[in-house]
Amino acid sequence: MKGIRQLAEHLAISIGTVSRALNGRPDVNEETRRRVLAAAEALGYVANQSGRSLRQGETKVIGLMIESSAEAVENADNFFLGVTSGLQHVFTRHKLDLLMLPCPSDEDPCEYLKRMVARRVVDAMIISNMQRVDRRVDFLSRARIPFIAVGRSLSAGNFPWIDLDFEGVAERAVERLAARGHRRIAITAPSSEVNLGYVFVESYRRALEQHGLPFDPSLVIRVKSSEQGGYRAAHELLQLEDRPTAVILIYELMAIGLYRRLMESGVQPGRDLAVIGFRDAPRARFLQPSLSCFRMSLYDLGVALGEMLVARMPAYRDFYSDAGGNMIWPLELVAGESDAFQLTEA
């Protein structure tokens, strides 16, 4: 069964009558409606949703734009899977569907987004991997398409976002390490222009200052946010003449590569170098010594993102009278053994 015309021919009634019956219109008698619905189910008729969407001016689809690259796939964890479960919880209330839009790493994200918008693929957007200055913000604002960002940006305009508490992570990690006697504390940061790296490094700088510790640019190790990046970060730390005694990681899976490189050199995490990770990713939970890191609810984050976005869509605004403002998402420190030792003066 290909379409409504074939269904009407099968039943020997008009296309208009079939359409009204399928859409529950009151001007169709119940016997005809039952015949149409029974025939549609028996013959496998599926409505042409794209055509209906064009007529109604909406797709009932929300797009989630994420980065797609060999590195992202290889080092994928459950971050966006966890977030999407919360998003779906909100969207199903309104019969909205979620569409993942993986942007290739070799394509300009703004041009990719423009193409999706031009094709009328979605009614609203969730964008991630926010750049220092992100042209997608200006484009979506001008196009008047409801959107929300996972992360902040310096782009102009009062746009909606929820970001992780990078400031709190840096502050609590430095405070914890300084209390154990560490004075040379390194940090990893992304090698890209993603804005979270700038936020994290600046927060780390302020935290050092609060504890009377100097900021040393050589202790800011810029590498890819991956297991391989963690391996490279450990290698660079080992090459420093005045090695740090502790390191704070920006990305959870970096700890796996970092541990490997340290142990290859006879340096024991949790004994010779204190390590604090960013988030308790499942793949890092079996490291020994256990990793001190931060915990958050990805599901609840997804729910918050979904509700904030839907509240900005005209058709659903009345369901969320109190949408709230932009939000810094909290993380809870989970103490492990990787930074448990007390540093003593030589």
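Colleague: Where in the chain is Lys60 found?
Modeller: Lys60 is found in the loop between α4 (49-56) and β1 (61-68), where helices (H or I, at least four residues) and strands (E, at least two) are DSSP runs, numbered from the N terminus. This is a predicted model, in which local features need pLDDT of at least 70 and side-chain atom pairs count only at pLDDT 80 or more, while totals for chains, interfaces and linings use all residues. Residues are numbered from 1 along each chain as its sequence is written, and side-chain values use heavy atoms, with hydrogens and water left out.

Colleague: What makes Lys60 count as partly exposed?
Modeller: Its relative accessibility is 27%, and the term covers the range between buried (under 20% relative accessible area) and exposed (over 50%), with a 1.4 Å probe and protein chains only. Lys60 therefore counts as partly exposed, and it also has a positive phi of about 65° although it is not a glycine.

Colleague: Which phi value does Asn129 have, and where is Asn129 found?
Modeller: Phi of Asn129 is near 55°, a positive value in a residue other than glycine. Asn129 is found in the loop between β3 (124-127) and α8 (135-143), and at 33% relative accessibility it counts as partly exposed. Most residues other than glycine have a negative phi, and most peptide bonds are trans. A cis peptide bond joins Gln288 and Pro289, with omega about 0°, and Pro289 has its place in the loop between β9 (274-279) and β10.

Colleague: Why is Gln210 called exposed?
Modeller: Gln210 has a relative accessible area of 55%, so it is exposed.

Colleague: What makes α1 roughly perpendicular to α2?
Modeller: Helix α1 (residues 4-11) and helix α2 (residues 15-22) pack at an angle of about 105°, with their axes 9 Å apart. Axes are lines fitted to C-alpha atoms, for helices over the stretch in contact, and angles run from 0 to 180 degrees between N-to-C directions. Angles under 35 degrees count as roughly parallel, over 145 as roughly antiparallel, 65 to 115 as roughly perpendicular and the rest as oblique, and that makes α1 roughly perpendicular to α2. Where α1 meets α2, the residues in contact (heavy atoms within 4.5 Å) include Leu7 and Leu11 of α1 and Val18 and Leu22 of α2.

Colleague: Why are α2 and α3 called roughly perpendicular to each other?
Modeller: The axes of α2 and helix α3 (residues 30-43) cross at roughly 85° and come within 9 Å; α2 and α3 are therefore roughly perpendicular to each other.

Colleague: How do you know that strand β6 and strand β7 pair?
Modeller: Two strands pair if DSSP finds at least two bridges between them, and β6 (residues 185-190) and β7 (residues 220-223) pair in the parallel sense over four bridges. Among the bridge partners in β7, Val223 belongs to Pro190. Between these strands the chain passes through α10, and this β-α-β crossover is right-handed, which means that, with the strands pointing away from the viewer, the path from the first strand over the helix to the second runs clockwise.

Colleague: What makes β6 largely enclosed by the rest of the structure?
Modeller: Six of the six residues of β6 are buried, so the strand is largely enclosed. Ile185, Ile187 and Ala189 point one way, and Ala186, Thr188 and Pro190 the other way. Three bridges also join β6 to β8 in parallel.

Colleague: Why are β7 and β12 called edge strands?
Modeller: The open sheet of six strands has the order β7-β6-β8-β9-β10-β12, with mixed pairing. The strands β7 and β12 (332-334) each pair on one side only, and the twist averages 20° from one strand to the next.
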